[in-house]
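Subject: Structure handover

Hi,

Here's the structure I said I'd pass on.

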Amino acid sequence: MIFRPNGGMTLVPDRVPPSAWTGHVPFAGWIVEAARPRSIVELGTHNGTSYLALCQAVARLQLDCRCAAVDTWQGDDHAGHYGEEVFATLSSYHGPRYGAFSQLLRMTFDQALQQFEDGSVDLLHIDGLHTYEAVSHDFTSWLPKLSRRGVVLFHDTQVRERNFGVWKLWGEISSQYPAFEFSHTHGLGVLAVGEEVPAPVRSLTSTAGTAEGVFVNDLFARLGEAVRCRAELETCRVTLDARESALAEYVSAHAGLTRQVQELESAVAAASTRVSDAEAAAASAQAANAANGDIRAAIDAGSSATAAGLVELRGANADIRAAIDAGSAATAAALSQLRDTMSDAMSQLSEALNERGQEVARLRDDIAEAERARVSLEAARSAQAIQLDDALSQLAQSRAAHAVVEERLLVEQRRYGDLADEMSRIEELLLAWSEPSGATDGVTAASTSSRIDLQFALLRAEAADCRERVQALDAQLQVIQKSRSWRWTGFLRHVNRMIQGN
Ligand SMILES: C[S@@+](CC[C@H](N)C(=O)[O-])C[C@H]1O[C@@H](n2cnc3c(N)ncnc32)[C@H](O)[C@@H]1O
């Protein structure tokens with residue numbers, strides 16, 4: 001046997017998005033282990049089934065290998081055109097797992113060319129637009145990038161519908177390079193373009209067209225079918241989970257609806273009961289209506305009797321009215337008499353009221369008069385109070401003046417006494433002088449006598465002056481004591497003396 005199986009063939013993919021490539025996942029594992037590439041490029045990635053399988057194989061073997069996926073992630077005429085979520089989902093899964101050695105190049109295949117050196121790519125997977133022209137262009141343009149170990153994979157070599165043309169290109173190039181084609185899963189061509197393609201790959205290509213090649217194709221077909229079934233199973237599980245959770249929601253909703261139905265049934269039962277009650281009430285009302293006819297007949301009979309009674313009552317009523325009229329006349333006469341009596345009483349009352357009114361008016365006049373008198377007395381009292389204040393102040397002045405006068409009087413009286421004493425002494429001296437003395441000569445006696453006369457005259461004049469002033473003060477004192485304010489304030493002076501203990 002030439003073909004060399006390896007562990008990569010049993011690769012169980014971590015993630016298998018929906019794809020027509022799923023059946024080739026075991027070969028992706030095998031080729032990575034068989035070729036041990038240092039550089040992998042994929043043209044056309046979409047959801048990432050083939051590319052994630054290649055990356056998983058690289059990671060499992062911990063190869064020193066750079067990987068790149070090129071795609072616009074917009075779709076094409078064969079894959080269909082899709083939205084942003086495809087790239088977003090792939091990117092969020094791919095980044096944390098393979099970002100260290102792999103990158104997603106969002107661009108056209110032609111734009112990506114310049115990012116790769118010629119002869120640098122060991123493994124190239126072409127899976128873009130599948131027309132003959134497109135795939136031929138992709139192969140031709142990328143061929144220079146392949147290394148001496150270069151291997152190219154072509155998907156959909158078996159598809160001949162919808163203008164797929166990979167089969168045609170494959171027909172042209174598979175005879176130019178060592179090649180092997182898997183027929184299952186829409187066909188996958190393996191083209192060994194490098195001159196130094198690793199031996200396991202060369203071994204594979206050498207089985208092409210042989211029974212062993214058929215065996216290898218069947219082997220990978222079965223392995224691929226297993227992966228596809230597993231993926232389908234996984235999809236079914238996811239669908240089942242979704243359905244189960246939907247079922248759970250449905251069951252819960254059903255339980256809610258069942259409860260609502262039960263509530264509605266109870267409500268209907270209650271309503272039915274109310275309808276039955278209403279029907280029974282209607283029946284009894286009908287019965288009552290029938291009984292009503294009898295009652296009405298009885299009422300009619302009663303009405304006739306009542307009419308007769310009414311005629312009778314009207315007669316009695318007339319008698320009562322006559323009696324009332326008679327009573328009314330008597331009452332009117334009594335009322336008239338009462339009115340007269342009341343009128344007299346009212347007149348008397350009115351007169352008495354008049355008198356009382358006049359008396360009240362007089363009293364009011366008296367009160368007014370008294371008030372006026374009170375006011376004038378009050379005014380007089382105020383005037384007297386003012387006069388009293390004046391008198392008191394005059395009294396104070398008079399007392400002050402009186403005190404001054406009395407003081408002066410005392411002074412003058414003392415002086416008058418002194419003068420009188422002096423005059424008596426002088427008169428005694430004169431008397432002694434007039435008597436004869438042997439010791440005194442005539443000249444001395446004459447001069448002494450004239451000096452004494454002079455002094456005596458002076459004293460007399462001073463005494464006269466003093467007497468006049470005493471008389472004047474006496475007169476002034478009498479004037480004060482005769483004055484009205486002195487008389488009026490006598491009581492006050494008496495009180496004052498009592499207060500001072502005199
Ligand atoms: C069939 S799908 C790829 C399938 C994928 N290999 C898998 O495993 O399922 C083709 C992809 O190639 C992309 N494509 C086609 N022509 C392209 C071009 N010239 N440049 C970039 N992307 C292109 C499309 O956007 C599409 O996603």
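Which exposed residues does helix 6 carry on the face turned away from its buried side? They're Gly 171 and Glu 172. Helices (H or I, at least four residues) and strands (E, at least two) are DSSP runs, numbered from the N terminus.

Two housekeeping points. Bear in mind that this is a predicted model, where local features need pLDDT of at least 70, side-chain atom pairs count only at pLDDT 80 or more, and totals for chains, interfaces and linings use all residues. Numbering starts from 1 along each chain as its sequence is written.

Back to helix 6 (residues 166-173): Val 166, Leu 169 and Trp 170 are its buried residues. Down the helix axis they fall within an arc of 100 degrees (taken from the directions from the axis to the C-beta atoms), so they line one face. The buried residues of helix 6 pack against helix 5 (132-142), strand 7 (146-155), strand 8 (179-182) and strand 9 (188-192).

On the strands, all 6 of 6 residues in strand 6 (residues 121-126) are buried. Strand 6 runs parallel to strand 1 (residues 39-43), joined by 4 bridges, and also pairs with strand 7 in the parallel sense over 5 bridges. Pairing needs at least two DSSP bridges between the strands. Glu 42 stands opposite His 125 in strand 6, while Leu 123 has Val 151 in strand 7 as its bridge partner.

Val 151 turns up again in the largest nonpolar core, which has 63 residues; Ala 28, Leu 54, Val 151 and Val 152 have the most contacts inside it. Such a core is a set of buried Ala, Val, Leu, Ile, Met, Phe, Trp, Tyr and Cys residues joined through C-beta atoms within 7 Å. Helix 1 (residues 25-35) gives the most to this core, with 8 residues.

Finally, the ligand. There are 20 residues around it, and Ser 19, Trp 21, Gly 44, Ser 50 and Gly 128 come nearest (near means a C-beta atom, placed from the backbone, within 6 Å). Helix 2 (49-61), strand 2 (66-71) and strand 3 (75-76) each give two or more residues to that shell.

Cheers

Conventions
A residue is buried if 20 or more other C-beta atoms lie within 10 Å of its own, exposed if 12 or fewer, and partly exposed in between; C-beta atoms are placed from the backbone. Two residues are in contact if their C-beta atoms, placed from the backbone, lie within 7 Å.
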